[in-house]
Amino acid sequence: MKILILGGSGFIGSHLCEQLIVAGHDVTVFHQPGASNKNLLQIESKLRIIEGNFNNVNDITKALQGMELVVHLVSATLPGNSFLNPTYDVQMNVISSIQLFDQCVKANVKKVVFVSSGGTVYGIPTEQPIKETHALNPISPYGISKLAIEKYLAMYHYHFGLDYTILRLSNPFGPRQEPTRGQGVIATWISKIRQGEPIEIWGNGEIVRDYLYIDDAVSAISTAVSNHSQHKVFNVGSGKGHSLLDLHTLIQVQLGKPVQIVFRDMQKVDVPVNVLDIMLINQHLGWSPQVDIADGVKRLWMHPLV
């Protein structure tokens, strides 16, 4: 299958490229002009790379020619910094995605796999673990944008027949995750530990999250690429919750040394608990995570690059 991966040179995208190439797909990566190809060096000869701006219709139109499926991994903002300029968040993420879906229809693309945010679209949960049927009340511009993109994708399916799968991802971690972007607590902490610095915890350390190793995250995306389930929206996570204090203890055990903590004021954007129910994707796509958090932390620590 001819697959276009938007954001294919990034943390998730580069790992996904590797899996899809091994599976025999024809992979093209679309990324911003001047973006680094360092994550793709080992497979650069096995794929095609196109540079362009996600918000430029002409660039997207050219990239879509001949493509059968698109994996949408692009986001111009993060949960925290989306508050700085919500208008920019909508312009760069929502409007650009609508333009993408419009061009997909015109280019006869068969399907879009959109990687959404299981950590933000539900807002403050009223039940744990969170099922896909839970109310959707995001409390950040980032989460609102992700949900809006989901809804537009469903609309394009209803009116124009564009097939899709939405994957609401939990908190992926692993090699190649950029520790300075402000997203990815495990990668950030390990980077600080490598440099001999204390780690930072925002709040009292009792915030609970669902952490998923990158190999499992991309195996779920790869599975969705080739599957045509009647269900269109799936949670993707470990199904298990760990508090920041739990995570701190786990890292100390795995590394065999104490790790100093500096506590900071809690951020209002953080929901107290977010653990995803993953029964639906297991039942309908046959996917389940294979790497537990302790093993994932150990693999990341042993990896030469964070």
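Let me start with a definition: by relative accessible area, a residue is buried under 20%, exposed over 50%, and partly exposed in between, using a 1.4 Å probe and protein chains only. Arg-299 is partly exposed, because its relative accessible area is 34%.

Before we go on, please keep in mind that this is a predicted model, where local features need pLDDT of at least 70 and side-chain atom pairs count only at pLDDT 80 or more, while totals for chains, interfaces and linings use all residues. Residues are numbered from 1 along each chain as its sequence is written, and side-chain values use heavy atoms, leaving out hydrogens and water.

Now, back to Arg-299. What does Arg-299 form a salt bridge with? The partner is Asp-215, and the closest N and O atoms are 3.6 Å apart. By salt bridge I mean a side-chain nitrogen of Lys or Arg within 4 Å of a carboxyl oxygen of Asp or Glu. This pair links distant parts of the chain, with Arg-299 in helix α9 (residues 293-302) and Asp-215 in helix α6 (residues 214-225), 84 residues apart. Helices here are DSSP runs of H or I with at least four residues, strands are runs of E with at least two, and both are numbered from the N terminus. Asp-215 counts as partly exposed, since its relative accessibility is 31%. Asp-295 joins in too: Asp-215, Asp-295 and Arg-299 are linked in a network of salt bridges.

Let's stay with α9 and look at a helix that packs against it. Helix α5 (residues 185-194) and α9 pack at an angle of about 45°, and their axes are 11 Å apart. Those axes are lines fitted to C-alpha atoms over the stretch in contact, with angles running from 0 to 180 degrees between N-to-C directions. The two helices are therefore oblique to each other; under 35 degrees would be roughly parallel, over 145 roughly antiparallel, and 65 to 115 roughly perpendicular, with the rest oblique.

Who meets whom? On the α5 side we have Ile-186, Ala-187, Ile-190, Ile-193 and Arg-194, and on the α9 side Ile-293, Val-297, Leu-300 and Trp-301, where contact means heavy atoms within 4.5 Å. These residues divide into 8 nonpolar, no polar and 1 charged. In that count, Ala, Val, Leu, Ile, Met, Phe, Trp, Tyr, Cys and Pro are nonpolar, Asp, Glu, Lys and Arg are charged, and the others, Gly among them, are polar.

Val-57, Ile-60, Thr-61 and Leu-64 of α2 touch Gln-99, Leu-100, Gln-103 and Cys-104 of α3. This contact has 5 nonpolar, 3 polar and no charged residues.

How many salt bridges does the structure hold? There are 10. One of them joins the side chains of Glu-68 and Lys-110, at 3.8 Å from N to O. Glu-68 lies in the loop between α2 and β4 and Lys-110 in the loop between α3 and β5 (111-117), so the pair ties together parts 42 residues apart in sequence. Glu-68 is partly exposed at 27%, whereas Lys-110 is exposed at 54%.
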